[in-house]
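Reader: Could you show me how to read the interfaces in a model with several chains? I would like the general idea each time, then the case at hand.

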Number of protein chains: 4
Amino acid sequence: MAKFKSVGVLTGGGDCPGLNAVIRSVARACFSHGIRVWGVRNGFGGLVENDIVELADKDISGILPRGGTILGTTNRDNPFSYAVPHEGGYVYKDMSQQALTNLRTRGIEALVVIGGDGSLRIANEFDQLGLPVVSVPKTIDNDIPRTERTFGFDTAVACASEALDRLHTTAESHHRVMLLEVMGRYAGWIAFYSGMAGGADVILIPEVPYKIEAVVAAIKARRAQGKLFSLVVVAEGAYPVGGEMTVARIVENSPEKVRLGGVGDKLAHELEELTGFESRCTVLGHLQRGGSPTAYDRILSTRYGVAAVDALVAGKTGTMVALQKNSIVTVPIRDIAGQPSNVPLEALHVGRAIGVCFGDEV
Amino acid sequence: MAKFKSVGVLTGGGDCPGLNAVIRSVARACFSHGIRVWGVRNGFGGLVENDIVELADKDISGILPRGGTILGTTNRDNPFSYAVPHEGGYVYKDMSQQALTNLRTRGIEALVVIGGDGSLRIANEFDQLGLPVVSVPKTIDNDIPRTERTFGFDTAVACASEALDRLHTTAESHHRVMLLEVMGRYAGWIAFYSGMAGGADVILIPEVPYKIEAVVAAIKARRAQGKLFSLVVVAEGAYPVGGEMTVARIVENSPEKVRLGGVGDKLAHELEELTGFESRCTVLGHLQRGGSPTAYDRILSTRYGVAAVDALVAGKTGTMVALQKNSIVTVPIRDIAGQPSNVPLEALHVGRAIGVCFGDEV
Amino acid sequence: MAKFKSVGVLTGGGDCPGLNAVIRSVARACFSHGIRVWGVRNGFGGLVENDIVELADKDISGILPRGGTILGTTNRDNPFSYAVPHEGGYVYKDMSQQALTNLRTRGIEALVVIGGDGSLRIANEFDQLGLPVVSVPKTIDNDIPRTERTFGFDTAVACASEALDRLHTTAESHHRVMLLEVMGRYAGWIAFYSGMAGGADVILIPEVPYKIEAVVAAIKARRAQGKLFSLVVVAEGAYPVGGEMTVARIVENSPEKVRLGGVGDKLAHELEELTGFESRCTVLGHLQRGGSPTAYDRILSTRYGVAAVDALVAGKTGTMVALQKNSIVTVPIRDIAGQPSNVPLEALHVGRAIGVCFGDEV
Amino acid sequence: MAKFKSVGVLTGGGDCPGLNAVIRSVARACFSHGIRVWGVRNGFGGLVENDIVELADKDISGILPRGGTILGTTNRDNPFSYAVPHEGGYVYKDMSQQALTNLRTRGIEALVVIGGDGSLRIANEFDQLGLPVVSVPKTIDNDIPRTERTFGFDTAVACASEALDRLHTTAESHHRVMLLEVMGRYAGWIAFYSGMAGGADVILIPEVPYKIEAVVAAIKARRAQGKLFSLVVVAEGAYPVGGEMTVARIVENSPEKVRLGGVGDKLAHELEELTGFESRCTVLGHLQRGGSPTAYDRILSTRYGVAAVDALVAGKTGTMVALQKNSIVTVPIRDIAGQPSNVPLEALHVGRAIGVCFGDEV
């Protein structure tokens, strides 16, 4: 049994409800083992910049229900390719040894990394360098491989589902087609789950390239039955058969510059043209990233935090804690392939059975 | 005391939380007077199309908390200039006599019109033709003159305020400037109220053309104090000094075609350029129009509905019920000028006193 | 593959968020198989009283987000021992053949029973009589054996967790011990989950008889650390070591007369005496049974409804649909023993690890 | 114009949503005048105990949406009759001079007292002693005279209204009479407003002693119309004609010992006996006191805080800020008589008009 005296914790990547709940859980679980806990501020950048503070019990008191992260975060900095000012611009340098030194100076022997895809890659590199690391899978998109659920997802689904409830009344009163664009560049988890929870008639996800004529047919079939409105949920990464994942590609090359929101607006315009029915799109955007986590996410976050410390103490480092068959397990970080975890096509059965259109069948 | 045997009720214009609460209240108050109630479907169009059904107690049972309107609505049809199919297109005809005939046939002697600006104008025309009308001021924008409050406004403010709570955590964790664009083409009520409730640092409204350098200065001043994020609420009708109310003008000429959402995105881009801080905009859009009304709006809606029937019974027709100095009164419809009711500049004092920037002072 | 032409659906037992979502899902899944669907009203009583109506698409439209059940329910009537008026009182008769006749008359060949413990027993008896039955596990208490999750539970936990958030602020401001009594006569699922989600310091459940001195010690230890308040969640069936499950026993003999709410009030009084700190109890009561289901419960309910129809169509009758290892399966109804499913003691580890007191260790 | 250099602020009495919003507003408004702000901790007790800390901008950052009070509060301590330990018990002494000395030592020249009835009396006594005081009317009960609205009330109404929405579904599904007991010992504001917002069929308030036969008749009349359930809201201070305000009287003599919750449970039992319909009561209790304030209350709290500082600066001390005819004004504290402000009987018209039973007419 590995016994650490001091452990660091950091949050990387985009905002996600439950970050504070994990931090609290990691800290409390460490305290109960007599382990000191250090908070690295502003993601991996804080490792390089030596922005590391010890966390006391009072620092984590009352943070369970709060959105955001008390440690700050960023989705930019990578110590292995770190932007260093140079001649009025930047050069990218490997600052990982500096990061390790900053930890060592404080006696910090291991790191809990709470983050998504990008953070996991960096965590793996540090683990290879000999720093024991355990990761916690964080993303509202639920697309991290080898775990059934990431924390933050349930809250994002709840937010999108509540948005659909709101749009429903307007759609029904105005006999409109109302679209909701939700996050999901590579995987349609939020669209699928919120669509099912919000009673969407059409759900479009990247896993199923859509035929516009299938969507039009579904909307017209409802009209024919006397249902004068339709609700459509569209993942930002959804694209038509023969089209391309435009958003995703742009993103790959230039992560910060992508103009989200285009997919749904474009589709609303198209559907209005093709059906003759008023169509309006709302882009949920950052609303689904923030705010207080649901009860479900607070519990999952707390379980993950405890499991991460359990893994550290048990010497199971180089791992990510994960939910498999509803149990918490650990999986090697290096096994988490680059491919995002997609909605399995057989899962759509529950939607098809109640008449939801996924855009693939006319 | 005028005594009607049968009264019609209709809902016109955009969706607005509380419509059903008013319908229920009007119907119940009529029932208690022994007056029969008829629901006109889909706004003023239903008058022309003769889509009018009697409402029984069971029809209005359970609708108090529901968003939307059981009667349907539209923001297009005007009986005094009604689109009639003609040679593959449309011609606009005065169908008001047809509307009156449809009412008369059923013995409907008076009308309660629940609607906004446009509906009030039509209501006034019918009143001039001798049909007793009482109106209920409906708009989430709170910009109808001579009433302190329209129903639906409190719910819209609550929705925008909750959105700000969500954006707050992301702004703070990411050290970002987060913008929220809310409705308000001519008046900044939603922006002002939700900004105050959500702790916005900057609030931009059509009543106060903004100087971009004042906004930049406010954001930079916060940085200088160690506050690494800022929350900005911007009404869709806000515009810079020397600029013009672009959105509003386009709207005037072509109400259905306006592309909303531009103001906030453009401003986010500008602020990122000028401050160097990451800036992101979320457009709240239709979310602020739908959903279950707040307790406040349910009560106000119920009060308005009862007051409308009281006015009918008292023979105070040709009026709009209104809230003045926190009491319900009636005002002549014809006195409700075309100018929207704006946020009075002295009301901004409460914001200035706690350091909110309205964009006019550097 | 069994092919039914007509299927009945009924809801039995107490109110539970998600009932309407299951009804909608069952009906829609039947429609897509070309099966007619009949709603039995007011639980098993409707079978005997012949209160059975065919459901059309419009009957189930819009009910997904609504609490309660459009079919009505009751937790009294059992066709196998049915209260029949007799000489000013009642005699209990077996009316099951009458029930079967009422179904047969309409050509209803199978039944979907959405209910808890009591309803499952009756469902099993009908299945033994040759009526194909599939059950859906319904209870906010999550204590039905052989399924990881019943629908309604997530909503109850969310409601209790939100209540704890509210009590938290008062506890903290007033330096009080605030208790929340939640449902759970035999099993502590709601208490455990909501306590973890709401940041409770002490969680008392029937699975772990508590020592009052352990609770007192936990509260005093917090004071000693400068934490002047404590949050306690107590299941209504919690009881002290050496005590007895008073509530549960009374309930067994006289299900309708039990006076809930006693456990928490008594404990608050006791803690105030023993700690000297102001202590107040709130009994959540019926609030945790009603209202709109969470997104999670809407999805689970929909999955269960589709699975029930899949089971019918596949001829897997005499079963209950269940969630095992996060997959939907079917289990024979007769295997669902009378014993409620309890919180496994090892699950408490996550709480102990972050310092929650379960009343068993001083 | 009086110019203060240092101002104290304290929160007294029970918890109330919006306390933090007022503190933030007072502090920010002072900062903008260059006035230093000191927080007195735990109500008036902190004045005597010298528990007074200066507030910096960071102390009030982020507190706007949070329930409770960062300053702590108590509904016990009165400096003019202060419990001082003496021979194993307590003697009550006038410690007001000590309180004034503690303020003077820090150069604190004026006090903002955020509190209810009891706090206002103490505030008035300090004002008489020459300490400039401005009060902010705080109570969820809305029963402070000479102001239309206290902050916290809208949030309490929203909480009770949401509880009614939850009970509604259960009442309807089970054909039950569901009762909700809400706060209001002397005045029925919460019961009246939440009852109107939640669609209650019967509303019982202290202002209108009820006849049980009127309530029974209302419930039976609904049955006769085919409405098989009823929703009843009862204020804790409601009492039958010829009865007495039991709760209120007990409270007067022994404020801390009163056992709330009795009124509704007793009434449920009585209604079940008299109507033969299942009746259940839920006591909302402390839930209506805590949690995040509504947007409405955040704005009102902010306005009150700014107005209090405006009054200080303008030399209008010895006053309470108040809302009259929807404008903020100041009224002399000494004019706030001991009698609570009641719901005016004419306000019930809106309820009667839609068929709500107030228990006074059969």
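Predicted model: local features only at pLDDT ≥ 70, side-chain atom pairs only at ≥ 80, totals over all residues.

Reader: How many residues of chain C are in contact with chain A?

Author: Contact means heavy atoms within 4.5 Å. Here 35 residues of chain C meet 35 residues of chain A.

Reader: And what area is buried between chain C and chain A?

Author: Buried area is the accessible area (1.4 Å probe) that two parts lose on being put together, summed over both. For chain C and chain A it is about 3,100 Å², and carbon and sulfur atoms give 58% of that. C:Arg28, C:Ile299 and C:Ile354 supply 18% of the area that chain C buries against chain A, more than any other three residues.

Reader: How many salt bridges does the rule find across the interface of chain C and chain A?

Author: The rule asks for a side-chain nitrogen of Lys or Arg within 4 Å of a carboxyl oxygen of Asp or Glu. It finds four salt bridges between chain C and chain A. One of them joins C:Asp165 to A:Arg298, with the closest N and O atoms 2.8 Å apart.

Reader: Which helix gives the most to the side of chain C that touches chain A?

Author: Helices (H or I, at least four residues) and strands (E, at least two) are DSSP runs, numbered from the N terminus. On this side of chain C, α10(C) gives the most, with eight residues. By class, the side has 15 nonpolar, nine polar and eleven charged residues; Ala, Val, Leu, Ile, Met, Phe, Trp, Tyr, Cys and Pro count as nonpolar, Asp, Glu, Lys and Arg as charged, and the others, Gly among them, as polar.

Reader: What area do chain B and chain A bury between them?

Author: They bury about 2,900 Å², 47% of it on carbon and sulfur atoms. In chain B, the residues that lose the most area to chain A are B:Arg166, B:His286 and B:Leu287, together 24% of what that side buries.

Reader: How is chain A divided into domains?

Author: Domain bounds come from an automatic or database domain assignment. Chain A has domain 1 (6-151 + 293-335) and domain 2 (156-289), with C-alpha centres 33 Å apart. The area buried between these two domains of chain A is about 900 Å². A:Asp15, A:Ile140 and A:Asp141 supply 49% of the area that domain 1 buries against domain 2, more than any other three residues.

Reader: Which residues does the UniProt annotation "binding site" cover?

Author: UniProt positions are given in the numbering used here, feature names are shortened, and annotations may be inferred rather than shown by experiment. The unreviewed UniProt entry lists A:Gly14, A:Arg76, A:Asp77, A:Gly116, A:Asp117, A:Gly118 and A:Ser119. Although spread over 106 residues of sequence, they cluster in space, the largest C-alpha distance being 13.6 Å. A:Arg76 is found in the loop between β3 (52-54) and β4 (82-86) of chain A.

Note on methods:
Residues numbered from 1 in each chain as written. Chains lettered and ligands numbered in written order. Heavy atoms only, no water.
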